[in-house]
Structures are given as structure tokens and as C-alpha cells.
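This briefing goes through one protein model, topic by topic. Please look at the sequence and the structure before reading on.

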Amino acid sequence: MRRRVRIARRQIERISRTATLGGLFLSFLKIGLVGFGGGVAVLAQIRVLTVRKRFWLTDSEFAEALALAQSLPGTSAGNSVTYIGLRLRGWRGAAVSMAGFILPSMLIMIGLAIVYKHIRAFPDTQRFFHGLNGAVVALILVTAWRMGKSILTQRWQWWIAVLSFLTVALFDATVLEVVLVAGLIGIYIDSFAETQLRRLRNLGTIASRRRARVRARLAKRRRSRKKEQLKADEEREESLTLRSIGILAVAMPLAAKFALLFTLSAMFLRIGSVTFGGGLVMVPLIESEVVNNHQWLTHQEFADAFALSQITPGPVLIIATFVGYRVAGTLGAVVATISIFLPAFLMTIAAGSSLRRFRDNKIVQALLRGIAPAVVGLLVAAGLSIGRAGIHSWVGLSIMIVAMFTLIRFRPNAFWVILGAGVIRFLFGAVGLG
């Protein structure tokens, strides 16, 4: 019997380490359900899942995913989930991973938007979320410490980590600037020999010749296809014109709804495409569009929406779900959510595919070796920033210290540490201790 149990346990462990589409969806669905604390906090839970439990990635590979995620628009957590799914199961894995990660917070935010007017009646619940902040800071710092042990093996890597922390914490540098400079330093230290430069020139010449041949072939094919497409396009334009007239005549009441959804989608697509630095950077842009330009929400309603996005699991950009629901109902919530995350999702797939293809290139390896220690410094800076905003008393500081000790000494499930910290903070406030 014991032998059968051991065999069954090994089979279960082997299955859990196999990244199936269903496994990716369910794994990131769980993180999306319990991922309180914003994108940086969720990254620690993603690391626990992918590195410690499932063994899908190593610490260096996770740092690679995080560095790529922080160099692109959108949230670092969402981009990391997309890249991990892409790395394990291609674009389908990226799609199901991101869907599982976003779905819980989207559904919760829709529910909160429905009962929005009744939420203000429970002000004491803020104590619970203050406790969550202390545990979240502890989780971020412990994650940075564990990553640093395996990544910071040389003196220059320590220097990059420290300088990355200082430039973000003291001089308010952007994540993109830090990652770019760190990558260039890695290239300079690791890959700047004369022989490598000659190889690069030769490779560049060969690549340019190949590109020229490919472009010539593509141009020839385009010219041959262009004539055929012109005739087909004329026929399509005529049929589309007739269909458009018929649709407008039958579905005029829906035209206004579609126009509103299109405006909503275009706005969030634009914000999601050009905003670097994480979800919090996007909040002022969203407020300007939603409150000032379109006047869909008042300033107070937007402030309430931001508060709700902070107390729900998942990334802060889930505020788009609230805005979409208030503007166009449930369909608007779905459209707004997809639109705000879609640009970063597509960019991560494009960048991740290129990174996978050229990962064995020495220049790429040097770039990643420079970026990896910067990620450690950025995590410490993020923990400091969240601590300043969310820890305002000795109770919160004590909770953070105890949570750090618990995570390092006993290695429990991070969810229970965060949940326990919230409950303890609520109880302390109930008895008048802070």
C-alpha cells in the first residue's frame, strides 16, 4: 500500500510539473483570485508557483521573464504571466494564462460595480487591507532576497542591483531606463571583445544579404498578388456597401451602443499601448480621459473606483472594468478589460518570441545577465515604495517583520500569510491597539 501511495504521489508531482493548457489556466486562475497587493506583490506569488512548486522555470529564467515584462507597456505581473505561458506552451499558453489571471479580478470588480453604492457603509474593512499591505511588503522583500542569492554571484552584479535600487528609490528613475542601462552594462562587461565584434559584423552582413533577398522575393509576390486583389477588393466594396446599408436600416438602435463601445475600446487601447512603468502610471491618464474628456465619471466616483481596484486581487488596471461597467454595462466592462490588457499582451508575445529565438545569442545572454541583478534592486525599491504608502503605524511595521520571519523560516503558502496579516490587523484595530 505504501509503495502504491509513493508511486501515485510521484505521478501526481510529475503531472503537476507538466505545463498543460488546463494546468496553466487553473494555476494562474488561483493567483488571480488571491493576488492582493498589486502587480509587484503578485510577482512573488507567480515565482512561488513557477519556480518552487511547479519547477517550470529557474530563478534566472524567472528574472528574464520579469525583466522583459517590466520593459514593456502594461503591468509587470500580466506581462510576466503572458511570457511564462508563451515560453511553456506557445501563444495558446499565453492566452489561457492571461485569461485565468484576469478573470477572477474582472468578475469581482463587476460585482463590486453592481453593489457600488452599498460599499461605503463598511469603513472598518480598511484596517484589514492595511494588514495586507504589511504582509505584501514582506513577501516582496523576501522574494528579492531569495532571487538575489542565486543571481548576485559577482561583484558587478551587486553594484547593478544597488544602483538600480538607489536610482528608483531616490531619483524616481523609470523602470525602463534602469532595465535598459543595466542591459547595456551587461553587454559591455560580457561581450565587448574584438573577436566578437568581427563576428557580429560578419553576421550582420550575412543577415542583411538574406533580408535583401527575402525582401526581393516578397516584393515580387506582392506585385503578382496585387492585380488579383484589386478586382476582389472592388467586388467586396460593393457587397460591403450593400450590407452596411441593410445593417444600418435594421439595427439603428444598436448603432449608438456600438459607437460607445468603440470609443471605450479605442481609449483603453491607446492608454495600454503607450504607457510604461506599470498600472499606477496609467491611473492619471485614465482619470484624465474618463473624468475630464468624456465625463463618464465624477472625480469622487473615479477615486472610489481606484480604491476598489486596490482592495481586489489582480492588477490595478482592473479599474478599467469598473469604468466600462459604468459606461456600457457588463459588455462595456468586458470590452474595457480586454482593451486595456490587449496591447501589452501582443507586445509581450512578439518580444517573447524574438527573445526565445535569439536566447542563445551571446549578446542577448549578456543583456539578460545585466538585467537580472537590476530586477532584484527594482523589487527592493518597490517594497520600499509600497511600505511607505501602506504602513503607517507600529502595528503595520510589526506585521511586516513577523511576516518576513514566517516566510523565511517556515516557507508557508504566501496566501495564508497575507490573509492572516489582514485578520490580525483588523483584530488589533477592533480592540483599540492601532
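In helix 4, the buried residues are Asp59, Phe62, Ala63, Glu64, Ala65, Leu66, Ala67, Leu68, Ala69 and Gln70; buried means under 20% relative accessible area, exposed over 50%, and partly exposed in between, with a 1.4 Å probe and protein chains only. The model is predicted, so local features need pLDDT of at least 70 and side-chain atom pairs count only at pLDDT 80 or more, while totals for chains, interfaces and linings use all residues. Residues are numbered from 1 along each chain as its sequence is written, and side-chain values use heavy atoms, with hydrogens and water left out.

**Whole chain**

- The chain has 17 helices and zero strands; these are DSSP runs (helices H or I, at least four residues; strands E, at least two), numbered from the N terminus.
- Of its 434 residues, 42% count as buried.
- Of the contacts between residues at least 6 apart in sequence, 75% join residues at least 24 apart, where contact means heavy atoms within 4.5 Å.

**Helix 4**

- Helix 4 covers residues 59–70, and its 12 residues reach 16 Å from the first C-alpha to the last.
- That span is close to the expected 16 Å at 1.5 Å a residue; the expected span is 1.5 Å times one less than the number of residues.
- Helix 4 is mostly covered, with 10 of its 12 residues buried.

- Ile140 is found in helix 7, which runs over residues 125–151.
- Ile140 counts as buried because its relative accessibility is 1%.
- Val42 and Ile140 are 98 residues apart along the chain, and their C-alpha atoms are separated by 8.9 Å.
- Ser265 belongs to helix 11, residues 252–274.
- With a relative accessibility of 16%, Ser265 also counts as buried.
- Leaving aside residues up to four places away in sequence, Ser265 touches Val335 and Ser339.
- The side chains of Ser265 and Ser339 are joined by a polar contact of 2.8 Å. A polar contact is a pair of N or O atoms within 3.5 Å; within protein, one must be able to donate a hydrogen and the other to accept it, and residues adjacent in sequence count only if both atoms are side-chain atoms.

**Largest cavity**

- The structure holds one cavity of 30 Å³ or more; a cavity is a set of points on a 1 Å grid over the protein atoms alone where a 1.4 Å probe fits but cannot get out.
- The largest cavity holds about 40 Å³ of space, a volume being the space filled by probe spheres set on grid points joined across faces, edges and corners.
- Its lining consists of Gly74, Thr75, Gly78, Asn79, Thr82, Met98, Phe341, Ala344 and Phe345; lining residues have an atom within 4 Å of a point.
- Helix 5 (76–114) and helix 14 (319–357) each supply at least two residues of this lining.
- Helix 5 gives the most, with four residues.
- The lining has four nonpolar, five polar and no charged residues. Ala, Val, Leu, Ile, Met, Phe, Trp, Tyr, Cys and Pro count as nonpolar, Asp, Glu, Lys and Arg as charged, and the others, Gly among them, as polar.

**Loop residues with positive phi**

- Phe55, in the loop between helix 3 (38–53) and helix 4, has a positive phi near 60° without being a glycine.
- Gln295 is not a glycine either, and its phi is positive at about 55°.
- Gln295 sits in the loop between helix 12 (279–293) and helix 13 (299–311).
- Gln295 is exposed, with a relative accessible area of 62%.

Conventions
On a 1 Å grid over the protein atoms alone, a cavity is a set of points where a 1.4 Å probe fits but cannot get out, and a pocket is an open set with protein on both sides within 12 Å along at least five of seven lines; lining residues have an atom within 4 Å of a point.
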